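Thanks for coming, everyone. Let me put the model up, and then we can walk through some charged side chains and the packing.

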Amino acid sequence: MTVTELPPFVRADGPDKVSGSGRYTADLTLTGMLHAAFRYPDVAHGRITRIDTSAAEAMPGVLAVMTDADVPDVHYTWAVADRTLFARDIVRFEGEVIAAVAAISPEIAKAAAAAIEVDIEPLPVVNDIEEALAEGAPLVHEDWASHTADDGIIRDGNLAIYSALQRGDADAAMASAATVVSSRYVADASHAAPIEPRAIVAQWEGEKVTIWTSTQVPYDARDGVCETLQLPASQVRIIVPHLGGGFGGKCGFHFEAHIAALARKAKRPVKLVFSRWEEFVAPDRRREGMIVELTTGLDADGRIVARKGWVGIDNGAYMADCAFFPQLAAMHVAGPYNIDHLSIDAKLAYTNHQPSGSVRAPTAPQGCWALESHTDELAAAAGLSPVEFRRRNLVDTGTTGPMGQTFDEIGALRVLEAAHAAAEGSGPLAENEALGLAVGWWPSFAVPAGAYAKMHGDGSVQLITGAQECGTGAVMTLRYLAAEELGIDVEKIQLVYQDTGAAPFGPGATGSQTLLNHGRAVETATRDIAEQLRELAAEQLEAAPGDIVLADGVASVAGTPTASIAIDELAGIAAGGNLLISSGTADVPEYPTLEGSHCVGDQGMAAWLAPQFSCHVAKVRVDRDTGVTRVLDVFAAHDNGTILNPIGAHGQVEGGILMGVGQALTEGTQYGDDGTQLNAGLLEYKLQTIADAPNIHTTFIEIPTANAGPKGSKGLAEAPNVATAAAIANGIAQVVGAHVTQLPMTAERVWDTANGTADQNGASA
Amino acid sequence: MSMQIATSLDEVLAALAAGARPIAGGTDLVVGHRQGKAPLPESLVAIDRVPELAEIADGDPLRIGATVTHARLMTDQVVVDRLTAIADAAALVGSPSTRNVGTLGGNVMNGSPAMDTGAPLVVLGAEAELASADGIRTVGLDDLWTGPGRTSATAGELCTALVIPARPASSGSAYVRLEYRRAMEIAVVGAAASVTLDGDAVASVRVALTAVAPTIIEIDGLEGLTGRAIDDDLLAAVAEAASEQASPISDLRASDRYRRHTIGVMARRAVDAAARRAAGESISVPVNRALGIGAAA
Ligand SMILES: Cc1cc2nc3c(=O)[nH]c(=O)nc-3n(C[C@H](O)[C@H](O)[C@H](O)COP(=O)(O)OP(=O)(O)OC[C@H]3O[C@@H](n4cnc5c(N)ncnc54)[C@H](O)[C@@H]3O)c2cc1C
């Protein structure tokens with residue numbers, strides 16, 4: 001069924017980006033502009049005993065050098081304020097900024113950064129999740145009890161956040177189970193790896209600073225600058241030129257304040273452009289490493305009676321936005337299954353790694369990979385096919401989720417059947433090929449957002465939105481929502497976006513929220529203009545406003561199409577009187593309630609608004625002699641509510657799947673014993689290339705969802721990234737006869753699993 | 001820093017004599033500089049516009065000019081028909097843009113043990129022609145490569161061509177590489193084979209290995225296979241010899257244990273494909289894609 005109402009369209013920013021005429025932050029040059037370079041420690045953990053910047057400052061061409069001493073004394077970030085702009089006394093990961101330089105060329109800046117003398121006394125490195133949580137582990141933050149933090153956060157050793165999901169009596173139910181299966185899965189950390197390494201340009205005019213930056217979240221970036229440099233919001237303006245991808249890696253506040261502070265000190269505009277190495281090690285947005293242990297009990301019919309679990313998550317050295325990760329990960333390893341007795345502990349551990357943060361569907365690809373691998377093990381133990389096992393256990397409309405949330409109409413079973421049928425119908429399998437199936441889910445995040453709209457005297461429209469384009473194209477759909485409300489041609493609508501100086505607040509490109517939240521705001525704002533047009537038309541046509549229909553550029557009286565006036569003409573009339581301007585903030589949908597469950601360390605993740613369901617079936621071929629796996633096809637079925645732009649929606653699913661293939665097979669960060677990344681670059685951190693792309697076959701199960709985004713839509717940015725690695729895992733396991741217990745499932749790990757030598761591959765968290 | 005763009009061999013040799021380093025496609029030299037491996041030399045001479053360095057000549061011997069690009073190697077009819085292993089290798093190098101500028105001479109003279117054209121050249125019996133202001137000499141590849149990134153060529157010497165004896169009848173060659181993805185990959189391990197058949201029996205077989213030793217190495221002791229049929233036993237013997245003679249390291253890409261195993265797999269597959277080609281079967285270039293080797297077809 002297709003309920004799409006908007007016409008399919010090709011995104012408006014495409015030609016600019018493809019032809020090279022689009023301008024990105026790194027393309028900006030301002031008069032007198034300087035170049036920034038950061039100084040990093042050479043170690044992952046150590047005590048700074050001396051910093052001497054005099055040699056750097058004395059270098060010709062250097063205009064400013066800064067350290068912790070040059071900025072306000074502010075600890076920041078979400079949930080636990082454990083962070084300063086520049087390292088203070090202790091460095092806790094290899095990419096921590098100790099000092100910054102502004103100079104007349106990038107080369108001089110780099111040389112000056114290297115000329116800063118820094119003495120660091122190495123401290124023991126916390127390099128692994130279990131090691132971090134062990135009794136007597138060296139502490140990443142000796143003093144973190146002194147930092148301000150949200151209520152309820154227990155400060156215990158390296159345990160940053162603890163959440164638990166409890167429902168029923170898991171121990172008793174487990175004891176009565178006919179079959180019990182236990183598994184342990186370990187996922188390496190990975191990266192967002194957007195094509196554009198981040199860039200920032202800052203320029204002061206008097207008391208005000210304008211910062212052009214490659215961020216996904218302009219308002220978060222602004223708030224970070226305001227907090228750390230202690231500036232009022234009105235003095236900080238964030239503008240985002242074209243953004244070269246983000247995948248979550250450019251969410252959050254990163255280096256905008258460093259560059260603004262440098263520019264203020266140097267009294268010149270300053271530009272920062274990251275190298276690929278910096279893009280890998282410095283931002284606090286790495287996909288978290290994770291350990292998942294699950295024990296599930298089944299009854300004689302293969303129905304889940306109880307699940308117990310433990311999840312360990314690598315937070316890295318500082319709190320970025322991971323506070324909700326333990327609970328979210330717990331939900332992913334509970335999964336979209338009917339489970340009455342559940343007990344899952346999830347712990348976020350400080351380590352001396354780069355901080356983790358929301359990368360596309362945080363915790364989900366790894367959690368789903370672990371859970372769905374475990375689920376195929378359960379199906380085998382129950383003597384059921386993977387699809388039949390899931391039929392018996394999946395949640396669906398009217399059933400109750402693992403934490404007691406009762407679902408309205410959802411497509412969990414329908415996506416299972418659709419993807420399964422598409423894969424089964426795709427022809428016979430060759431030797432060493434298999435179909436692996438996995439289901440996944442993902443919440444929708446509803447928050448406030450605003451939009452302004454104005455119709456000019458010529459009938460053209462400006463939509464001013466806090467939405468941010470990060471590669472998805474979702475922003476472009478806002479124009480179509482507005483065109484439909486106003487009954488005018490979409491070409492008449494221009495967007496003003498990516499500028500905090502112009503637009504009202506919006507969460508930006510994060511958490512699949514562009515349409516869900518900004519879309520509702522745009523609908524509200526343009527609906528207001530439509531009301532004004534109806535009133536104007538009603539006056540002109542001597543009819544009741546309620547009878548005026550806006551369509552095809554014309555306002556007409558319902559039932560009397562001859563009584564009509566062009567909307568452009570109405571706009572001209574308004575231009576001479578009450579202007580057609582409006583603003584909108586949409587009511588935030590109400591979150592579902594929990595029943596009969598108990599959350600420790602609740603971060604609001606145990607009940608999901610407008611949950612999104614997906615099923616991916618991967619057709620894999622494994623070269624048994626080498627373990628090299630190739631994904632030939634992925635059959636994807638998605639319930640993401642109403643699909644507003646089919647072209648964009650298919651692109652999202654395809655991109656998410658390709659990213660999932662990388663996470664499944666080749667993308668994993670390797671750490672040395674010293675806690676530094678060994679493959680921080682695109683030579684050894686292996687992204688998938690277009691030559692590796694499988695054929696992707698996507699079906700949307702469109703269920704207009706109440707209490708969600710415009711026209712019953714849910715988000716679609718993260719959901720496609722949830723189930724792919726899991727589906728591939730289950731395919732590989734069918735070929736080689738056992739599950740690979742480490743992610744990524746590299747050729748060597750697959751080969752070791754096939755040969756029963758997995759214990760020799762230096763398994764490490 | 002200075003860079004001269006030469007249009008004749010004499011100009012190049014004069015520049016080298018004056019201390020310049022040659023640059024062909026720059027895909028090793030410039031990328032290595034940007035990665036911080038080695039700074040760019042003070043003085044460079046570009047050799048990519050010297051016509052006589054870019055020729056492929058049929059005959060005995062066959063001659064491939066040093067600046068022939070990988071894109072040409074993988075499609076040139078002489079190379080594809082007779083020196084097929086080189087075409088297999090060239091087709092796997094980097095991405096289309098790497099292949100459009102990267103050259104055979106650059107690959108050989110860069111001296112990486114992971115170079116893809118090296119093992120094919122060895123099994124085809126190639127020699128390097130080196131020219132300098134003082135004259136021309138030809139050296140065997142085992143004398144040329146002295147260690148990772150090192151050659152025995154002097155600073156004044158330019159590699160002008162790779163020279164390869166004409167191929168006997170009933171010969172075939174192939175190069176296969178273990179790869180984790182289908183583009184932008186560096187050989188984890190690779191193997192080239194050249195097989196000449198006498199009826200169903202092996203008249204000669206040569207196998208060389210990529211990325212399992214400080215230089216490309218040729219497997220010793222395959223003479224014993226002469227006269228035998230190409231069958232599972234023979235392929236198993238090749239695999240075993242390759243695994244035994246390799247001295248792989250552990251690094252980010254693979255453990256020594258895994259490399260030692262997979263080099264045997266690659267060697268076996270290379271001999272199998274070369275023998276099939278020798279027997280007249282048409283297997284398209286590159287073998288990796290045609291037969292689903294490494295990251296399967
Ligand atoms: C993205 C990417 C992917 C790659 N993938 C592969 C791959 O899959 N397989 C592979 O083998 N390589 C690969 N390479 C490495 C490189 O592309 C090849 O080695 C290529 O053949 C080098 O040729 P070039 O002409 O670019 O060499 P250059 O960089 O111009 O030169 C390399 C070295 O050889 C010297 N030199 C060049 N020509 C001569 C000559 N005629 N005589 C004497 N000295 C000379 C130069 O001075 C320099 O020291 C890759 C490189 C990149 C950037």
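Which side chain does B:Arg177 join through a polar contact of 3.1 Å? That partner is B:Glu179. By polar contact I mean a pair of N or O atoms within 3.5 Å; within protein, one must be able to donate a hydrogen and the other to accept it, and residues adjacent in sequence count only if both atoms are side-chain atoms. B:Arg177 also makes a polar contact of 2.6 Å with the side chain of B:Asp116.

Quick ground rules. This is a predicted model: local features need pLDDT of at least 70, side-chain atom pairs count only at pLDDT 80 or more, and totals for chains, interfaces and linings use all residues. Residues are numbered from 1 along each chain as its sequence is written, chains are lettered from A and ligands numbered from 1 in the order in which they are written, and side-chain values use heavy atoms, with hydrogens and water left out.

Back to B:Arg177. It sits in strand E11, residues 171-177 of chain B. Strands (E, at least two residues) and helices (H or I, at least four) are DSSP runs, numbered from the N terminus. B:Arg177 counts as buried because its relative accessibility is 0%. Buried means under 20% relative accessible area, exposed over 50%, partly exposed in between, with a 1.4 Å probe and protein chains only.

Now salt bridges: a side-chain nitrogen of Lys or Arg within 4 Å of a carboxyl oxygen of Asp or Glu. Take B:Arg277 and B:Asp88, with closest N and O atoms 2.7 Å apart. The pair links distant parts of the chain, helix H11 and helix H5 of chain B, 189 residues apart. B:Arg277 is buried, at 10%. B:Asp88 is buried too, at 0%.

Another one crosses between chains. B:Arg268 bridges to A:Asp625 at 2.9 Å. The arginine is in helix H11 of chain B, the aspartate in the loop between E27 and strand E28 of chain A. B:Arg268 is partly exposed, at 26%, and A:Asp625 is partly exposed at 29%.

Last, the packing. A nonpolar core is a set of buried Ala, Val, Leu, Ile, Met, Phe, Trp, Tyr and Cys residues joined through side-chain atoms within 4.5 Å. The largest has 114 residues; among those touching the most other members are A:Trp369 and A:Met745. Helix H17 of chain A gives the largest share, eight residues. Apart from that core lies another, of 47 residues, including A:Phe38 and A:Tyr76.
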